[in-house]
Amino acid sequence: MSGKTTPDYDAVIVGAGFSGIYLLHKLREAGFNILLVDAAAQPGGIWYWNRYPGARVDSQVPLYEFSLPDIWQTWSWTERFPGWEELRTYFRHVCDTLDLWPHMRLGTRVESARFAEKASLWRLHLDGGDTVTARFLLPALGFASKPYVPDIPGLDTFAGEWCHTARWPQEGIDLAGRKICLIGTGASGVQVAQEAAKSADRLTLFQRTPILALPMRQETMTEEGQVCEKQGYPAIFEQRKQTSGGFEYQSLEKSALEVSDEERTAHFEHLWQRGGLKFWYHNFADMLTNREANRYAYDFWRDKVRERIVDPALAEKLAPAEPPHPFGTKRPSLEQNYYEIFAQENVALVDLKETPIVRISADRIETQDGAFDCDLIVFATGFDAGRGGLIDMNITGLGGLGLAQAWNDGLRAYLGMSVTGFPNMLFSYGPLSPSGFANGPTSAEIQGDWICDFLIWLRQGGIKLFDAEPQAETTWTEIVAQAGAMTLFPEADSWYMGANIPSKKRQLINFPSVVGYAAVCDDVAQNAYRGFAT
Ligand SMILES: Cc1cc2nc3c(=O)[nH]c(=O)nc-3n(C[C@H](O)[C@H](O)[C@H](O)COP(=O)(O)OP(=O)(O)OC[C@H]3O[C@@H](n4cnc5c(N)ncnc54)[C@H](O)[C@@H]3O)c2cc1C
């Protein structure tokens, strides 16, 4: 195949999560010849890899599903916050209903992708040795394709089992009777902890920063109940595009500082009782921009959590009197009984700020002040978010420039989809788009529709090549930084700021408004795809 100037496909999509599947459906409908490749053996994206005990979504349905009527009219959920098994079954239903299987090559990793300049096409090397070519490359790798495992001395000498939550063995791991050391208290750490506490002989949870977790308030859902609810779905799907997080509500228009103490507390209480992430996205207008407003939210959260913890020393570690960072500037997760598990005899908390890990040996983790026996280490230590999966795909653009090299001094991308020097490539749910702040399916559909329209426009114009103009890329990258600077996000050492990965440049990696982003993308499209050289 090498040397051909006519590509095998109009486009190759990499990734079979919400973004890739939506793109495949839209582009096929528009008459393009498409191949979708995914390293995972089943569709579902992160819900294939993150199948640890307790893995479930924090965005409730119907927000966390496609808005395509053929799909939701023929599907019903059993839980408001579905787990990974149900999400995987949902994805199979989507692929059956939309007849996507013939266009998908699963269990196949893209090892590298190189832009062939003379032929103006992408050449992809797949594991197993095959090569495919495409006019357009559409990586839909999500932000969480590259798990991060900290470099702790001695891990190679550990005699037990260890794994990252996003590389949980597909056959599962029985947690019953195990001595488990769980490192990390982000969303995945909370979910594993709740499950492990049920049956582990010993669960030791290593915390660097307390998670400011919110009550999930899970609900079971019946088919009959959903028949009624579905009447409201089209409005909800429309509404989620009009908000900053891609959820059903926007933050309030009021400041937390302009209302009385009673009114403020009543709104906090209302959000708290309703559960889910609403306390994050439907709170006062200035919660994420004003320290004083934010502090009210933190204090409310702290007092609610402390009511559930009897031991004052433990309460200070899990819900400190002073906020570890402004509320909501690290992704809050949802919990079901997280704060209660620490009262169990088989559960212990280790504060890594007080006593950092020194090394791992054959059967224990050693910290500065103690040693903790274990036969299973679980790393819930997050991801090299945004860029990791793209860099690992070994993408080479014009003049032999690799993406890793292009991002050496920090992330840059026009509209969070296109990097100058990497023509005919558009990625979804990537860095400098709203991704990390956006409800997944909302983002998949907004970007998927936009990418599909762009490829149709190129086809209509007989245009075979586009590249982001350097100035457009620089301007967008600055806009994201400026938007971030107006918020409290830069005050936290979070993955949103790239701070979880040693040597990663500190910058806000996502644009903090879905609706604002969609408006800019629309405007670019209305203006003959301004900022793209063709
Ligand atoms: C544990 C966890 C919980 C989450 N919870 C929520 C939530 O509550 N709400 C929310 O909105 N979002 C949540 N997210 C974010 C989530 O990523 C999005 O909701 C959504 O799944 C993104 O879909 P995607 O298609 O863009 O990417 P993904 O679902 O990440 O899919 C990317 C796919 O690309 C494939 N891939 C990567 N590299 C290669 C390669 N080189 N070759 C071949 N295939 C490759 C991967 O195998 C993967 O299947 C969560 C993420 C994680 C990790």
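Before looking at two packed helices, here is what the words mean: helices (H or I, at least four residues) and strands (E, at least two) are DSSP runs, numbered from the N terminus. Axes are lines fitted to C-alpha atoms, for helices over the stretch in contact, and angles run from 0 to 180 degrees between N-to-C directions.

This is a predicted model, where local features need pLDDT of at least 70, side-chain atom pairs count only at pLDDT 80 or more, and totals for chains, interfaces and linings use all residues. Residues are numbered from 1 along each chain as its sequence is written, and side-chain values use heavy atoms, with hydrogens and water left out.

**A helix pair**

Take helix 15 (residues 440–460) and helix 17 (residues 514–526): their axes are 11 Å apart and meet at an angle of about 5°. Helix 15 brings Thr442, Ile446, Gln447 and Trp450 to the contact, and among the partners from helix 17 are Val514, Tyr517 and Asp522; contact here means heavy atoms within 4.5 Å. The contact residues split into 8 nonpolar, 2 polar and 1 charged. For these classes, Ala, Val, Leu, Ile, Met, Phe, Trp, Tyr, Cys and Pro count as nonpolar, Asp, Glu, Lys and Arg as charged, and the others, Gly among them, as polar.

**Around the ligand**

Now for the ligand: 36 residues surround it, and the closest are Ser19, Asp38, Asp58, Tyr64 and Gly440 (a residue is near if one of its heavy atoms lies within 4 Å). By class, this shell has 19 nonpolar, 13 polar and 4 charged residues. The table lists some polar contacts, meaning pairs of N or O atoms within 3.5 Å.

| Residue atom | Ligand atom | Distance |
|---|---|---|
| Ile46, backbone N or O | oxygen | 2.9 Å |
| Ser59, polar side-chain atom | nitrogen | 2.8 Å |
| Val110, backbone N or O | nitrogen | 2.9 Å |

Pro62 sits in the loop between helix 2 and helix 3 (69–72), and the peptide bond from Val61 to Pro62 is cis, with omega near 15°. Arg217 isn't a glycine, yet has a positive phi of about 55°.

Conventions. Polar contact = N/O pair within 3.5 Å; in protein donor to acceptor, adjacent residues only side chain to side chain.
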